[in-house]
Amino acid sequence: MTSIIQQYLHIQCAAYALLIDAEYIEEVVSVTDELIRDKTLLWREKYLPLVDLCELLTGQAVNRHRDCLILKLKREVDASYQYLAVAVESVNSIEAIKEADFSNIPNLAFSSNDYFDRAYIHAGTEQCIYRVRKSALLSFLAE
Amino acid sequence: MSELQESAVTKDYIVFSLAGELLSIESSVLLEVLEPVPVSPLPLVPSYIDGLVNINGEIIPQINLQVFLQNEFDVTYTAPGSGNSTLLVVTIAGQLIALSVGMIQEPLQLSEQQLDFSSDKECYSAFFSYQQIQVNILSPNCLFEIVKSENKPQGKRSFLGEIDERKENEQALKEYLYIRSEEQVFATLLADVYEVVDVSEIKRQPNSPSTVVGVALIRQTPTLVFSFQALLVERRGGDVNTPESIITDEQKDHLYSLLLIRRDNLYCALLVDEVIGLRLIAEQYINTGEHTWQQVITGSEGVVTAQAIVIEDFFSGDLCEKYRAFMPSLSSDYQLQKVPQQELLQFYIKGDKYTLLLSDVVRIINNKDIHPLLERQAFLTGAIEFDGLAIPVVDMGLQLGYESILDSREYIVVSHNNENWALAIDGVDEIVSVDQPSIDVLGATEKSVQRSVKAYVCVKDMLLSILDVDVICSTNIINLDAG
């Protein structure tokens, strides 16, 4: 079976390494406090809803300099695009990963399963890098 | 030993240390005993889950049993030496779990008579006496709360079995073409569609079946056009009204979107309202719909995103014969020869139009802040951030002999030797598709001749230059090195 290679942005949030499908990423910007107001981010002269992924995963916001992903998402196939800003600790790299190279993550009774669907084991570090579900990103839009 | 004692049911147990005490577990749930392996922390889980570990290619949770049983053990206790030094891989409700424990003592075979089931702790199923110490048996049931119970196979699994299962779990992705018809979204396998074309005119076909819209000229070939919606109604067993209203005089300037279908015995087109685009769909999202022959595609949240249509169903046996009388005869095979197409991206530099092969373009980006170079090098004006990396920006105005493009807000990102470059331009125009043979490729030159144009093409009576990405980028590398 042929396996589709997809590009992912490898990001870091505290101790957690995550992958977000590059298809959803419109831009990566560096965030300064002046651009943030009431959980929104000023981007291209409009305020986007801002989600702090580190705060969501660890309960602690990142106070120092951080990167922000501008995501472009569609709720339905024929819906219009919506933009969302997701603050992360840092952007590490872009990884091209075959679907077949991902492993299933265990089906646990905790909300981690709502955020991640599969994991990629880094060949060098043997660290699990969790792939963020699209539904989780969409749920941020609803919040 | 009496006959009764011989026939008594015995079970195997493993005794291990935990926080300075002894504990045991039934061997039937135990799959493997391992030394500790690297753990990846997992967010949004209780503190007793250390994280995930990779055991023989499978990612499983690692439970710190000492923390999990915090009501029974002192969580602050650290055993002399290395602390928890063993992983017990167990299977609970079909899910493999690694239990982080102390040292393994020895396996025991115990009969029911040797066990005391009077333990009032939910986490223990029984206890027994071992070297004059009371040893509790860990109940697998207490670990159930960690695992989601839904759709989990019961019983013991082996890693060999897992390998087979993983093969089945591999996502088979299929490419679907999404279309819209009568306000509904449908999807058909891309492999079933020969080509997607837009035509400006469809001639009515008098006295034809009610599903036929008319005849359109596609690449100089008359092609019978069916109404996708009417075929769908017919397939569902409904009455099809003659689609008189589809082609009206008010729609003279309208372009009709057609899906060209080509089989051994069939050459026709399906008229749809709109071609939405392509999507890769995993098999798990393709489900049976209202009718047994009908399939639907759902999103990850279970919402139906499209009805999946098998085009073969529209033209099975009798139906195909019924329509054959109205199909153009296709007098010669050459009419069906598809002319290979090449897509070009048109853009402006100081009012002049240029093009790039779309296959050379990685992405078009805009509104990026450019970080200037301390010292101008060749035609490079600075760098911009792209997908988290800084990439060089080439001033295409300067490179092509115009004035500098100082206020560019639009960039075409191209790839040269696996590195991305941004080309600063005045603005993107449109993407056009041209017949590949119509592109006049320039002949080979000496390497010393730096020629930014690699081909010419005529689009809508306008001669356009197709720029050579490799030359544009390599020119800047050479000059940068020299500088």
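In this predicted model, R131(A) is buried, with a relative accessible area of 8%. Its side chain meets that of E99(A) in a salt bridge, with 3.0 Å from N to O. R131(A) belongs to strand β12 (residues 128-132) of chain A, and E99(A) to the loop between β9 (90-98) and β10 (102-104) of chain A, so the bridge ties together parts that are 32 residues apart in sequence. E99(A) is buried as well, because its relative accessible area of 9% falls under the 20% limit for that class.

The contacts of R131(A) extend to an aromatic ring. R131(A) lies over the face of F102(A), at 4.5 Å from the ring centre. F102(A) is in turn linked by ring pairs with Y8(A) and Y120(A) into a cluster.

**Chain A as a whole**

Chain A contains 3 helices and 12 strands. Of its 143 residues, 50% are buried. The chain exposes about 6600 Å², and carbon and sulfur atoms supply 44% of that area. Among contacts in chain A with a separation of 6 or more, residues 24 or more positions apart account for 56%.

**Salt bridges**

Side chains of opposite charge can pair when their charged atoms come close. Over all chains, the count comes to 8 salt bridges. Three of them are set out below.

| Salt bridge | N to O distance | Relative accessible area of one partner | Relative accessible area of the other partner |
|---|---|---|---|
| E27(A) and R44(A) | 2.6 Å | E27(A), 7% | R44(A), 30% |
| R131(A) and E99(A) | 3.0 Å | R131(A), 8% | E99(A), 9% |
| E274(B) and R180(B) | 2.9 Å | E274(B), 34% | R180(B), 17% |

A salt bridge in chain A joins the side chains of E27(A) and R44(A), at 2.6 Å from N to O. This pair links distant parts of the chain, 17 residues apart: E27(A) is in strand β3 (residues 25-31) of chain A, while R44(A) is in the loop between β5 (40-43) and β6 (46-52) of chain A. E27(A) is buried, with a relative accessible area of 7%, whereas R44(A) is partly exposed at 30%.

In chain B, the side chains of E274(B) and R180(B) form a salt bridge of 2.9 Å, N to O. E274(B) is placed in strand β19 (residues 274-282) of chain B and R180(B) in strand β12 (residues 173-181) of chain B, so this pair ties together parts that are 94 residues apart in sequence. E274(B) is partly exposed, with a relative accessible area of 34%, while R180(B) is buried at 17%. Returning to chain A, salt bridges that share partners join E99(A), D117(A), R118(A) and R131(A) into one network.

**Aromatic pairs**

A pair of aromatic rings is described by the distance of the centres and the angle of the planes. A search of the whole structure finds 10 aromatic pairs over all chains. The rings of Y48(B) and F68(B) have centres 4.8 Å apart and planes at 75 degrees, so this pair is edge-to-face. Y48(B) lies in the loop between β4 (39-40) and β5 (49-55) of chain B, and F68(B) in helix α2 (residues 65-68) of chain B; the pair therefore ties together parts that are 20 residues apart in sequence. Y48(B) counts as buried, at 10% relative accessibility, and F68(B) is buried with a relative accessible area of 14%.

Y354(B) and Y402(B) form another edge-to-face pair, with 6.4 Å centre to centre and 90 degrees between the planes. Here the linked parts of the chain are distant, 48 residues apart: Y354(B) is in strand β24 (residues 352-357) of chain B, and Y402(B) is in the loop between α6 (396-399) and β29 (410-416) of chain B. Y354(B) counts as buried at 13% relative accessibility, but Y402(B) counts as partly exposed at 21%.

**A proline in a loop of chain B**

P328(B) is found in the loop between α5 (317-324) and β23 (341-349) of chain B. At 21% relative accessibility, P328(B) counts as partly exposed. Apart from its neighbours within four places in sequence, P328(B) is in contact with V215(B), P222(B), T223(B) and L224(B). P328(B) and V215(B) are 113 residues apart in sequence, yet 8.5 Å apart in space, C-alpha to C-alpha.

Technical notes. Residues numbered from 1 in each chain as written. Chains lettered and ligands numbered in written order. Predicted model: local features only at pLDDT ≥ 70, side-chain atom pairs only at ≥ 80, totals over all residues. Heavy atoms only, no water. Helix = DSSP H or I, 4+ residues; strand = E, 2+ residues; numbered from the N terminus. Buried < 20%, exposed > 50% of the residue type's maximum accessible area, 1.4 Å probe, protein only. Contact = heavy atoms within 4.5 Å. Areas by Shrake-Rupley, 256 points an atom, 1.4 Å probe, with all protein chains shown as cover. Salt bridge = Lys/Arg side-chain N within 4 Å of Asp/Glu carboxyl O. Phe/Tyr/Trp six-rings, centres within 6.5 Å; stacked < 30°, edge-to-face > 60°. Lys NZ or Arg CZ within 6 Å of the ring centre and 35° of its normal.
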